[in-house]
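Let's walk through this model together, one neighbourhood at a time. Have the viewer open and follow along.

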Amino acid sequence: MTDIQELLLSRIRDVADYPEPGVMFKDITPLLADPAAFTALTDTLAGIATATGATKIVGLEARGFILGAPVAVRAGLGFIPVRKAGKLPGATLRQAYDLEYGSAEIEVHAEDLTSGDRVLIVDDVLATGGTAEAAVHLIQRAGAEVAGLAVLMELGFLGARTRLGPTLAGAPLEALLQV
(Lines give C-alpha, C1' and ligand atoms only; values in the text may rest on other atoms or scores of the structure.)
Protein backbone atom coordinates (compact mmCIF):
# COMPACT_ATOMS: atom_id res chain seq x y z
CA MET A 1 0.00 0.00 0.00
CA THR A 2 1.33 3.44 -0.92
CA ASP A 3 1.62 6.36 1.48
CA ILE A 4 -1.27 8.12 -0.28
CA GLN A 5 -3.46 5.02 -0.03
CA GLU A 6 -2.65 4.72 3.68
CA LEU A 7 -3.49 8.40 4.21
CA LEU A 8 -6.80 8.14 2.34
CA LEU A 9 -7.83 4.91 4.06
CA SER A 10 -7.00 6.37 7.48
CA ARG A 11 -9.48 9.19 6.85
CA ILE A 12 -12.44 7.01 5.83
CA ARG A 13 -14.74 6.15 8.69
CA ASP A 14 -16.72 2.90 8.86
CA VAL A 15 -20.30 3.39 10.02
CA ALA A 16 -21.97 0.08 10.91
CA ASP A 17 -25.59 -0.61 10.02
CA TYR A 18 -26.04 2.50 7.87
CA PRO A 19 -28.23 3.15 5.95
CA GLU A 20 -29.71 -0.19 6.99
CA PRO A 21 -28.76 -3.14 9.23
CA GLY A 22 -25.90 -5.24 7.86
CA VAL A 23 -24.37 -2.45 5.73
CA MET A 24 -20.93 -1.02 6.55
CA PHE A 25 -21.06 2.54 5.19
CA LYS A 26 -17.77 4.14 4.11
CA ASP A 27 -17.97 7.77 5.26
CA ILE A 28 -15.58 10.08 3.38
CA THR A 29 -16.44 13.25 5.31
CA PRO A 30 -13.35 12.92 7.59
CA LEU A 31 -11.21 12.76 4.43
CA LEU A 32 -12.87 15.88 3.04
CA ALA A 33 -12.32 17.69 6.35
CA ASP A 34 -8.56 16.96 6.29
CA PRO A 35 -6.83 19.40 3.92
CA ALA A 36 -3.77 17.16 3.44
CA ALA A 37 -5.85 14.09 2.60
CA PHE A 38 -8.29 15.99 0.35
CA THR A 39 -5.38 17.63 -1.49
CA ALA A 40 -3.64 14.27 -1.94
CA LEU A 41 -6.86 12.79 -3.33
CA THR A 42 -7.41 15.75 -5.67
CA ASP A 43 -3.81 15.68 -6.91
CA THR A 44 -3.90 11.93 -7.53
CA LEU A 45 -7.18 12.09 -9.47
CA ALA A 46 -5.92 15.13 -11.44
CA GLY A 47 -2.85 13.06 -12.37
CA ILE A 48 -5.16 10.34 -13.70
CA ALA A 49 -7.04 12.96 -15.72
CA THR A 50 -3.78 14.16 -17.27
CA ALA A 51 -2.54 10.61 -17.93
CA THR A 52 -5.77 9.66 -19.73
CA GLY A 53 -5.73 12.78 -21.92
CA ALA A 54 -9.08 13.92 -20.54
CA THR A 55 -10.46 17.25 -21.75
CA LYS A 56 -13.42 17.29 -19.32
CA ILE A 57 -14.30 15.81 -15.95
CA VAL A 58 -17.77 14.39 -15.34
CA GLY A 59 -18.81 14.12 -11.69
CA LEU A 60 -21.66 11.82 -10.71
CA GLU A 61 -24.27 13.19 -8.30
CA ALA A 62 -23.61 13.96 -5.53
CA ARG A 63 -20.22 13.05 -4.05
CA GLY A 64 -18.74 12.93 -7.54
CA PHE A 65 -19.38 16.69 -7.62
CA ILE A 66 -17.38 17.17 -4.42
CA LEU A 67 -14.43 15.17 -5.78
CA GLY A 68 -14.67 16.00 -9.47
CA ALA A 69 -14.86 19.81 -9.36
CA PRO A 70 -11.51 20.34 -7.60
CA VAL A 71 -9.95 17.69 -9.85
CA ALA A 72 -11.11 19.64 -12.90
CA VAL A 73 -9.69 22.88 -11.50
CA ARG A 74 -6.37 21.23 -10.59
CA ALA A 75 -6.08 19.61 -14.04
CA GLY A 76 -7.17 22.78 -15.88
CA LEU A 77 -10.27 21.11 -17.33
CA GLY A 78 -13.99 21.82 -17.49
CA PHE A 79 -16.38 20.14 -15.06
CA ILE A 80 -19.70 18.61 -16.14
CA PRO A 81 -22.24 17.47 -13.54
CA VAL A 82 -24.27 14.35 -14.28
CA ARG A 83 -27.43 14.71 -12.23
CA LYS A 84 -30.51 12.77 -11.29
CA ALA A 85 -33.26 13.28 -13.85
CA GLY A 86 -35.26 16.48 -13.52
CA LYS A 87 -32.52 18.50 -11.78
CA LEU A 88 -31.03 20.33 -14.80
CA PRO A 89 -32.80 23.16 -16.64
CA GLY A 90 -32.90 23.27 -20.43
CA ALA A 91 -32.14 20.59 -23.00
CA THR A 92 -30.68 17.40 -21.55
CA LEU A 93 -29.83 13.87 -22.53
CA ARG A 94 -31.20 11.20 -20.19
CA GLN A 95 -30.08 7.65 -19.55
CA ALA A 96 -32.09 5.08 -17.61
CA TYR A 97 -30.46 2.32 -15.58
CA ASP A 98 -31.58 -0.46 -13.29
CA LEU A 99 -31.28 -0.42 -9.53
CA GLU A 100 -31.52 -3.39 -7.20
CA TYR A 101 -35.21 -2.56 -6.79
CA GLY A 102 -36.53 -0.50 -9.69
CA SER A 103 -34.80 1.94 -11.98
CA ALA A 104 -33.48 5.51 -12.13
CA GLU A 105 -32.38 8.07 -14.69
CA ILE A 106 -29.45 10.46 -14.91
CA GLU A 107 -28.99 13.40 -17.24
CA VAL A 108 -26.46 15.87 -18.60
CA HIS A 109 -26.79 19.12 -20.52
CA ALA A 110 -26.59 18.10 -24.16
CA GLU A 111 -24.37 21.03 -25.18
CA ASP A 112 -21.73 20.48 -22.47
CA LEU A 113 -20.07 17.56 -24.29
CA THR A 114 -18.91 17.45 -27.90
CA SER A 115 -17.35 14.94 -30.27
CA GLY A 116 -13.87 16.29 -29.50
CA ASP A 117 -14.12 15.67 -25.77
CA ARG A 118 -12.34 12.92 -23.84
CA VAL A 119 -14.13 12.53 -20.52
CA LEU A 120 -12.89 11.17 -17.22
CA ILE A 121 -15.77 10.12 -14.96
CA VAL A 122 -15.07 10.76 -11.26
CA ASP A 123 -17.00 9.39 -8.29
CA ASP A 124 -16.37 8.41 -4.69
CA VAL A 125 -17.43 4.76 -4.68
CA LEU A 126 -17.81 2.14 -7.37
CA ALA A 127 -20.34 -0.37 -6.04
CA THR A 128 -22.44 -2.32 -8.55
CA GLY A 129 -21.45 -0.07 -11.47
CA GLY A 130 -24.98 0.80 -12.60
CA THR A 131 -24.63 4.56 -12.37
CA ALA A 132 -21.15 4.52 -13.89
CA GLU A 133 -22.35 2.34 -16.76
CA ALA A 134 -25.26 4.72 -17.41
CA ALA A 135 -22.83 7.68 -17.35
CA VAL A 136 -20.61 5.99 -19.95
CA HIS A 137 -23.62 5.50 -22.23
CA LEU A 138 -24.74 9.09 -21.67
CA ILE A 139 -21.30 10.48 -22.55
CA GLN A 140 -21.14 8.32 -25.66
CA ARG A 141 -24.64 9.40 -26.73
CA ALA A 142 -23.49 13.03 -26.44
CA GLY A 143 -20.77 12.18 -28.96
CA ALA A 144 -17.82 12.33 -26.58
CA GLU A 145 -15.26 9.64 -25.80
CA VAL A 146 -14.82 8.11 -22.35
CA ALA A 147 -11.18 8.50 -21.32
CA GLY A 148 -11.70 6.47 -18.15
CA LEU A 149 -13.38 6.10 -14.79
CA ALA A 150 -11.61 7.12 -11.57
CA VAL A 151 -13.00 6.43 -8.10
CA LEU A 152 -11.75 6.80 -4.57
CA MET A 153 -13.00 3.34 -3.53
CA GLU A 154 -14.08 0.21 -5.33
CA LEU A 155 -16.21 -2.33 -3.51
CA GLY A 156 -14.63 -5.22 -5.38
CA PHE A 157 -16.92 -7.90 -3.99
CA LEU A 158 -19.86 -6.40 -5.93
CA GLY A 159 -18.31 -7.13 -9.34
CA ALA A 160 -18.60 -3.73 -11.01
CA ARG A 161 -15.19 -4.01 -12.72
CA THR A 162 -16.33 -7.12 -14.60
CA ARG A 163 -19.66 -5.51 -15.45
CA LEU A 164 -18.00 -2.33 -16.77
CA GLY A 165 -15.25 -4.00 -18.81
CA PRO A 166 -17.19 -4.25 -22.07
CA THR A 167 -18.80 -0.83 -21.59
CA LEU A 168 -15.47 0.91 -20.98
CA ALA A 169 -14.05 -0.80 -24.10
CA GLY A 170 -10.43 -0.51 -23.02
CA ALA A 171 -10.68 2.82 -21.17
CA PRO A 172 -9.04 2.51 -17.74
CA LEU A 173 -10.88 2.01 -14.49
CA GLU A 174 -8.73 3.46 -11.70
CA ALA A 175 -9.69 2.79 -8.08
CA LEU A 176 -7.40 4.37 -5.51
CA LEU A 177 -8.61 1.96 -2.82
CA GLN A 178 -10.08 -1.55 -2.94
CA VAL A 179 -12.40 -2.28 -0.03
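E154 is found in strand β8, which spans residues 145-154; strands (E, at least two residues) and helices (H or I, at least four) are DSSP runs, numbered from the N terminus. Before going further, note that this is a predicted model, in which local features need pLDDT of at least 70, side-chain atom pairs count only at pLDDT 80 or more, and totals for chains, interfaces and linings use all residues. Residues are numbered from 1 along each chain as its sequence is written, and side-chain values use heavy atoms, with hydrogens and water left out.

Is E154 buried or exposed? Its relative accessibility is 3%, so E154 counts as buried (buried is under 20% relative accessible area, exposed over 50%, partly exposed in between, with a 1.4 Å probe and protein chains only). The side chain of E154 makes a polar contact of 2.8 Å with that of Q178; such a contact is a pair of N or O atoms within 3.5 Å, where within protein one must be able to donate a hydrogen and the other to accept it, and residues adjacent in sequence count only if both atoms are side-chain atoms. Leaving aside residues up to four places away in sequence, E154 touches L126, R161, L173, A175, L177, Q178 and V179, with contact meaning heavy atoms within 4.5 Å.

Now for the aromatic rings. Rings of Phe, Tyr and Trp (its six-membered ring) pair if their centres lie within 6.5 Å; planes under 30 degrees apart count as stacked, over 60 as edge-to-face and the rest as tilted. By this rule the count comes to two aromatic pairs. One joins Y18 and F25 edge-to-face, at 5.2 Å centre to centre with 85° between the planes. Y18 is partly exposed, with a relative accessible area of 45%, and F25 is also partly exposed, at 24% relative accessibility.

F65 and F79 form an edge-to-face pair as well, with 6.2 Å centre to centre and 85° between the planes. Because F65 lies in helix α4 and F79 in strand β4, the pair ties together parts that are 14 residues apart in sequence.

Finally, look at the lining of the largest pocket. By class, this lining has 20 nonpolar, five polar and 11 charged residues, where Ala, Val, Leu, Ile, Met, Phe, Trp, Tyr, Cys and Pro count as nonpolar, Asp, Glu, Lys and Arg as charged, and the others, Gly among them, as polar.
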